[in-house]
Amino acid sequence: MKYKITLLPGDGIGPEVIAEAVRALEAVAGKFGHTFAFTERLMGGCSIDKFGSSLTDETLADCQAADAVLLGAVGGPKWDDPNAKDRPERGLLALRKGLGVFANLRPVKVHPALIDSSPLKPEKLAGVDILVVRELTGGLYFGLPKGREMKDGRERAVDTLEYYDYEIRRALNLAFKLAAERKKKVASVDKANVLESSRLWRQIAVQVGKEHPDITLEHVLVDTAAMRLITAPAHMDVIVTENMFGDILTDEASVLAGSMGMLPSASLGESGPGLYEPIHGSAPDIAGKGIANPLGAILSAALLLRYSLHLETEAAALEKAADEAIAAGARTADLGGTLTTRQMADEIIRRLS
Ligand code: IPM
Ligand code: MG
């Protein structure tokens, strides 16, 4: 089969890790007899530099016309001016919105060989296998009004946390569907003791829960969830939550896996191409050194194979190769090793079978 994949390497270490994810995908294509047609486009700070816009209409159209989109990372100190009209992150949010990818899946698994890479006690980490479903196109990131003004001689800023029922329901529906294939446990995370939007969230979670009597639903306040993620992570299965809570909790959860560089993500909508990106940022401090961990990007490519191309065997083969490379001791600097980005990818690619 032939598939169209749009690449958005982005800024910082983005291009370095995407280059390795592409090599991994090409190796998969060779082994399994597929053709991947890659189109590379600029998005983020690099696009601001070249086109004056973090996401151009042409790039968005290319992404919408693809079977899937693979993204590296965006942002960096160069584009951090708080008064700038455009920012790399704006491009990313516009892309998520433009693709309608309302749910961001962030699996957090602890590889047994990496238990010592995490600052948590080993006994807490055994068996951790969490899937965070983060609502991605609503909430504080997008709600209006948003902005700054002078009011009564004072500077004022506002962001709006807004949710419609259907936005909450579709994220929860997906979380329950995914939980059915796992340990059948959903933790719906909110702040219903304080926030109106969270009370609506919880009401809908209860409704969706009733449609899935075989799945255990628990409501967890976000502050408690943050604590449980490090005190009892092995008891968690699927976590579903609003955009901002999900952003924060997944950085926290990445600590369980030993390094933020390990974690992939898949952003999915009702239909159309999915968006795949490692959860790490552009890491300007190590950009250009060739030492970034390519695992997050390569495992994102595996999710791309699974969810957008429906190539489960290929996805599982790539994940297995990555698992085996880690088990054999392959480590980049973030995991205390000495392998370069490319060498780490080589360790995975040669184990593909
Ligand atoms: C993430 C990132 C982004 C987000 C930033 C870069 C806008 O932190 O994907 O988790 O907050 O969604
Ligand atoms: Mg984040």
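Ground rules. I number residues from 1 along each chain as its sequence is written, and letter chains from A and number ligands from 1 in the order in which they are written. In this predicted model, local features need pLDDT of at least 70 and side-chain atom pairs pLDDT 80 or more, while totals for chains, interfaces and linings use all residues; side-chain values use heavy atoms, with hydrogens and water left out.

Entry, rings. I looked up aromatic pairs (Phe, Tyr or Trp, the latter by its six-membered ring, centres within 6.5 Å; planes under 30 degrees apart are stacked, over 60 edge-to-face, the rest tilted) and found four. Phe36 and Phe38 have ring centres 6.3 Å apart and planes at 65°, so I list the pair as edge-to-face. Phe36 has 9% relative accessibility and counts as buried (under 20% relative accessible area; exposed is over 50%, partly exposed in between; 1.4 Å probe, protein chains only). Phe38, at 23%, counts as partly exposed. Ring pairs join Tyr3, Phe36 and Phe38 in a cluster.

Entry, second pair. Tyr163 and Trp201 are also edge-to-face, with 5.8 Å between centres and 75° between planes. Tyr163 and Trp201 are both buried.

Entry, helices. I checked α10 (residues 295-307) against α11 (residues 312-327), both DSSP runs (H or I, at least four residues), numbered from the N terminus. Their axes come within 7 Å and cross at roughly 160° (lines fitted to C-alpha atoms over the stretch in contact; angles from 0 to 180 degrees between N-to-C directions). That makes α10 roughly antiparallel to α11 (over 145 degrees).

Key
Helix = DSSP H or I, 4+ residues; strand = E, 2+ residues; numbered from the N terminus. Parallel < 35°, antiparallel > 145°, perpendicular 65-115°, else oblique.
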